[in-house]
Amino acid sequence: MIIEIKEWLKEAAGFIQVSLTQKLRVSQKSGRTDLVTNIDEETQSFLVKKIKQNYPDDRILAEERGFDKIESLNGRVWIIDPIDGTMNFVLEQENFCIMLAVFEDGIGQLGFIYDVMKEELYWGGKNRGVFLNDQPMVRPKDASLSEGLLGMNAYMYGKNIHSAGEIGHASMGIRVSGCAGVELIAMLKGNHIGYISNLSPWDYAAGLVLMDEFGFRYSNIEGKPLAFSKREYFLAATPKAYTEIQEHFIQNSK
Ligand code: IPD
Ligand code: CA
Ligand code: CA
């Protein structure tokens with residue numbers, strides 16, 4: 001399964017790279033800053049077709065084209081974000097990822113985050129470790145909030161939602177990439193100590209599988225398990241930084 005998923009992702013990434021030389025069809029979803037392109041849709045259709053051909057009994061949760069709801073995570077479920085960071089894709093032509101996860105009965109088994117323009121595939125699975133292309137990655141150190149950079153959602157930081165501003169000030173600084181995949185990669189590399197955002201299941205599913213392997217902690221912002229059924233405020237961090245960030249929430253809600 002791993003070999004074929006890697007082949008599908010590389011084929012999809014090649015197709016996305018070529019698409020950047022052609023005219024994109026860009027549409028708005030919920031508003032002016034919520035975009036989808038023909039390439040998001042075509043990439044998802046390509047991956048869905050591969051899964052249906054090879055694993056016809058499996059279910060799929062994916063961002064576009066009516067695949068965005070699932071009643072439960074029972075059985076084997078594929079979770080796909082065909083292009084994570086569509087705004088970057090349209091305006092920067094870099095800093096976007098394909099993300100794919102395989103869950104079984106609610107437990108993450110495989111996760112893949114492909115930085116398309118860098119041609120870097122971060123992947124791994126339960127008890128398999130984490131790899132960058134073919135190279136095993138080293139587990140980052142358990143750094144505290146004051147020691148590291150924190151990935152952040154710009155809106156949450158600007159409006160100080162859930163004390164995001166104060167938490168950012170307690171870190172070495174915040175970073176805003178506009179792509180959940182890029183933020184999760186930064187954590188896996190040990191470049192960032194955490195990430196606070198507002199995410200849907202396809203934004204975090206692959207990252208959770210990889211973060212589990214490296215002992216990161218994650219939850220919704222209230223410390224409860226992620227729902228996999230809606231967009232919600234999201235926190236992931238090293239164990240030390242996770243506890244410190246939760247303490248900020250408790251202090252600031254008093
Ligand atoms: C978005 C990006 C962004 C995050 C948003 C996501 P999309 O994904 O990951 O960084 O802040 O919440 O929706 O829409 O480009 O796939
Ligand atoms: Ca996304
Ligand atoms: Ca997307």
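Predicted model: local features only at pLDDT ≥ 70, side-chain atom pairs only at ≥ 80, totals over all residues.
Residues are numbered from 1 along each chain as its sequence is written, and chains are lettered from A, with ligands numbered from 1, in the order in which they are written. Local features need pLDDT of at least 70, side-chain atom pairs count only at pLDDT 80 or more, totals for chains, interfaces and linings use all residues, and side-chain values use heavy atoms, with hydrogens and water left out.

**The annotated site**

Select E63, D81, I83, D84 and D203, which an unreviewed UniProt entry annotates as "binding site"; positions follow the numbering used here, feature names are shortened, and such annotations may be inferred rather than shown by experiment. These residues span 141 residues in sequence, yet no two of their C-alpha atoms are more than 9.9 Å apart, so they gather at one spot. The lining of the largest pocket includes E63, D81, I83, D84 and D203. On a 1 Å grid over the protein atoms alone, a pocket is an open set of points where a 1.4 Å probe fits, with protein on both sides within 12 Å along at least five of seven lines, and lining residues have an atom within 4 Å of a point.

Next, centre on E63, in the loop between β3 (59-62) and β4 (76-84). Helices (H or I, at least four residues) and strands (E, at least two) are DSSP runs, numbered from the N terminus. E63 has 18% relative accessibility and therefore counts as buried (buried is under 20% relative accessible area, exposed over 50%, partly exposed in between, with a 1.4 Å probe and protein chains only). Leaving aside residues up to four places away in sequence, E63 touches K29, Q44, D68, I80, D81, P82, I83 and W202, where contact means heavy atoms within 4.5 Å. Display the side chains of E63 and K29: they make a polar contact at 3.2 Å (a pair of N or O atoms within 3.5 Å; within protein, one must be able to donate a hydrogen and the other to accept it, and residues adjacent in sequence count only if both atoms are side-chain atoms).

Move to D81 in strand β4, which is buried at a relative accessible area of 1%. Beyond four places in sequence, its contacts are E63, C97, I98, M99, W202 and D203.

**Helices α6 and α7**

Select residues 180-188 (α6) and 201-213 (α7), whose axes lie 9 Å apart at an angle of about 10 degrees. Axes are lines fitted to C-alpha atoms, for helices over the stretch in contact, and angles run from 0 to 180 degrees between N-to-C directions. The helices are thus roughly parallel, a label for angles under 35 degrees. A180, L184, M187 and L188 of α6 meet D203, G207, L210 and M211 of α7. Nine of the nine residues of α6 are buried. Just after α6, G190 takes a positive phi of about 80 degrees.

**L9 in helix α1**

Where does L9 lie? It is in helix α1 (residues 2-19), buried at 0% relative accessibility. Apart from residues up to four places away in sequence, L9 touches L47, I98, L100, F112, Y114 and L121.

**Two loop residues with positive phi**

Select Q93, in the loop between α3 (86-91) and β5 (97-104); its phi is near 55 degrees, and it is partly exposed at 37% relative accessibility. Finish at D105, between β5 and β6 (107-115), where phi is near 45 degrees and the residue is exposed at 57%.

How values were computed: Parallel < 35°, antiparallel > 145°, perpendicular 65-115°, else oblique.
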